[in-house]
Amino acid sequence: MTTDASARAIKPELLRTYTEDFNKDRANLIAADAAVSAGVLKAATDYRGVRALPRDFSIELKQGSITNQERSGRCWMFASLNTLRYELMHRWNLEDFEFSETYLFFWDAMEKSNTYLENVLRTLDEPTDSRLFEAINWGPSDDGGWWQMFAALVNKYGLVPKSAYPESENSRNSDDFKQYLNSKLREFAAELRRRSAAGAGEDELRTLKDEYMGTVYRICAVSLGEPPEKFDFFARTKDDAEDDKKCDGKACKCEDKSDAKACKCDKNKDKTGKDERPQIREIGITPLEFYKKYVPVDVNDFVTLANAPLKSRPFNQRYRIRFSANVAEAGDMEFVNVPLDVFKKAALDQLTAGHPIWFACDCTQFALRKDGFFDQSVVRVDQLFGTEFTGDKAHGLEYGDSPSNHAMTFTGVNLGEDGKPNRWKVENSWGKDAGKDGYYVMSDAWFDRYVTELIIRKEYLDDATRALLTAEPVELDPWQPLTRRCR
């Protein structure tokens, strides 16, 4: 368009019309009073929407204590570990358990740094202002990630309990650590490119990269402490509430005996203050040994399902995103794009079978982060601002308005009389003070609109979707929709 500057400007006469129209409507004045005083979200909260989302669920999984990623972008890691700890706790009859998030955080920083430098070596001929190099260079070792990054780390480094490698100030609040690590990595990238332009060969550049990784290790170890090569593990199994009612595995028959001493049931043994619960004890176990022995699921048996209704991403197709790996040798992120009915059925089947689900969404849209609601009927910004928000899921992805930015865990769902879901229970990783004791409730309509990724066990895929896992993937560039790392 070639109109002059005055035609492009906001016209003063229109501003006068805007303010006159605003002040003539009593609803605008009330909305402004509420929003200016309390903030947009509180002013837009609809109590009827809140009451329509009770926090009880017909299918609900018993999970451990709520975790807290604090001021770090590790949601994808917390959500992943929360799905695994559920399986571990119920396999070994533990009351509670938490993996060390810091352990994988250390190795993720190392691996992302290595992969960044490898990607620099792969793109030496790219201009620094090319779209590809800008995507690679955006956040060399930033916190965010996906399930497949988590799986790659577990496959290579295993897992440890939190007691073996607890939180540190720089895992809780990672900005400063990652700021200077990223700065150093970009210095390394510039030197690799300079050496290459001066005629250095691949062997020389890789030797230099290996030297640089020594500096990366030092930065990570200073910030987080070195991770354990071996550790000791101790846990007690939880009490079974029914044990006191049983005698040799059967219902106790001692109640009618006149002489309690004649009954040999454990119920009638003298009680002491000693903790008699069975113990699990490991001395000098490695992280890989711990993962293989105590986690009853294989991280490679999960698949990323996406629901992205885009013309450029046809359904029933496998996709691979270039330059998306954290572990260089593990390969790039992949997903299968499926219609909403297939997507949701897989989630229901897995929850019904008693297994939690890692999922990714845009947690900022129509959400009460403090009170724990995800629902457009609760956050009535349409009423507050006097305008409808009509964008659908395809619009949100295509225009970058609602790509996935946060990962959490489904631990429950409520089915209506028709057998269809109407709300979902969400385990978050923002501590107990967020939501209701750390849990959120999500309407089914919000699920349809803003949940874009699920991590599903292969056994809960239908035959048609399972067959796609071996299809040749369509390659996507790293800046295309659905590629934002969850934080």
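This dialogue walks through how to read selected features of one predicted protein model.

Biologist: What should I know before reading any value?

Modeller: This is a predicted model, so local features need pLDDT of at least 70 and side-chain atom pairs count only at pLDDT 80 or more, while totals for chains, interfaces and linings use all residues. Residues are numbered from 1 along each chain as its sequence is written, and side-chain values use heavy atoms, with hydrogens and water left out.

Biologist: How many helices and strands does the protein have?

Modeller: Helices (H or I, at least four residues) and strands (E, at least two) are DSSP runs, numbered from the N terminus. The protein has 18 helices and 16 strands. Its C-alpha trace spans about 105 × 70 × 45 Å along the principal axes.

Biologist: What share of the residues counts as buried?

Modeller: Buried means under 20% relative accessible area, exposed means over 50%, and partly exposed lies in between (1.4 Å probe, protein chains only). Here 49% of the 487 residues count as buried.

Biologist: What share of the contacts joins residues 24 or more positions apart?

Modeller: Contact means heavy atoms within 4.5 Å. Take the contacts with a separation of 6 or more: residues 24 or more positions apart account for 78% of them.

Biologist: How do I read two packed helices?

Modeller: Two packed helices are described by the angle between their axes and the distance between the axes. Axes are lines fitted to C-alpha atoms, for helices over the stretch in contact, and angles run from 0 to 180 degrees between N-to-C directions. Look at helix H2 (residues 12-24) and helix H3 (residues 26-38). Their axes come within 5 Å and cross at roughly 90 degrees. That makes H2 roughly perpendicular to H3. The classes are these: under 35 degrees is roughly parallel, over 145 roughly antiparallel, 65 to 115 roughly perpendicular, and the rest oblique.

Biologist: Which residues make the contact?

Modeller: H2 gives Asp-21, Phe-22, Asn-23 and Lys-24, and H3 gives Arg-26, Asn-28, Leu-29 and Ala-32. They divide into three nonpolar, two polar and three charged. Ala, Val, Leu, Ile, Met, Phe, Trp, Tyr, Cys and Pro count as nonpolar, Asp, Glu, Lys and Arg as charged, and the others, Gly among them, as polar.

Biologist: How do I read a strand and its faces?

Modeller: In a regular strand the side chains alternate between the two faces of the sheet.

Biologist: Which strands pair with E14?

Modeller: Two strands pair if DSSP finds at least two bridges between them. Strand E11 (residues 373-374) pairs with E14 in the parallel sense over two bridges. There, Phe-374 has Met-442 as its bridge partner. Strand E13 (residues 421-427) pairs with E14 in the antiparallel sense, over five bridges. In that pairing Trp-424 stands opposite Met-442.

Biologist: What of strand E15 (residues 451-457)?

Modeller: E15 is mostly covered, with seven of its seven residues buried. Strand E6 (residues 302-306) runs antiparallel to E15, joined by five bridges. Thr-304 stands opposite Ile-455. Strand E9 (residues 357-361) also pairs with E15 in the antiparallel sense, over three bridges. Here Phe-359 stands opposite Leu-454.

Biologist: How many aromatic pairs does the whole structure hold?

Modeller: Rings of Phe, Tyr and Trp (its six-membered ring) pair if their centres lie within 6.5 Å; planes under 30 degrees apart count as stacked, over 60 as edge-to-face and the rest as tilted. The search finds 28 pairs. Phe-106 and Trp-107 have ring centres 4.9 Å apart and planes at 80 degrees, so the pair is edge-to-face. Both Phe-106 and Trp-107 are buried. Phe-231 and Phe-290 are also edge-to-face, at 5.6 Å centre to centre and 65 degrees between the planes. This pair links strand E2 (residues 231-236) with helix H13 (residues 287-294), across 59 residues.

Biologist: Which residues form the ring cluster?

Modeller: Ring pairs link Trp-92, Phe-97, Phe-99, Phe-231, Phe-233, Phe-290 and Tyr-294.

Biologist: Is Ser-402 buried or exposed?

Modeller: Ser-402 has 2% relative accessibility, so Ser-402 counts as buried. Its place is in the loop between helix H16 (393-398) and strand E12 (406-415). Not counting residues up to four places away in sequence, Ser-402 touches Asp-362, Gln-365, Gly-396, Leu-397, Arg-449 and Tyr-450.
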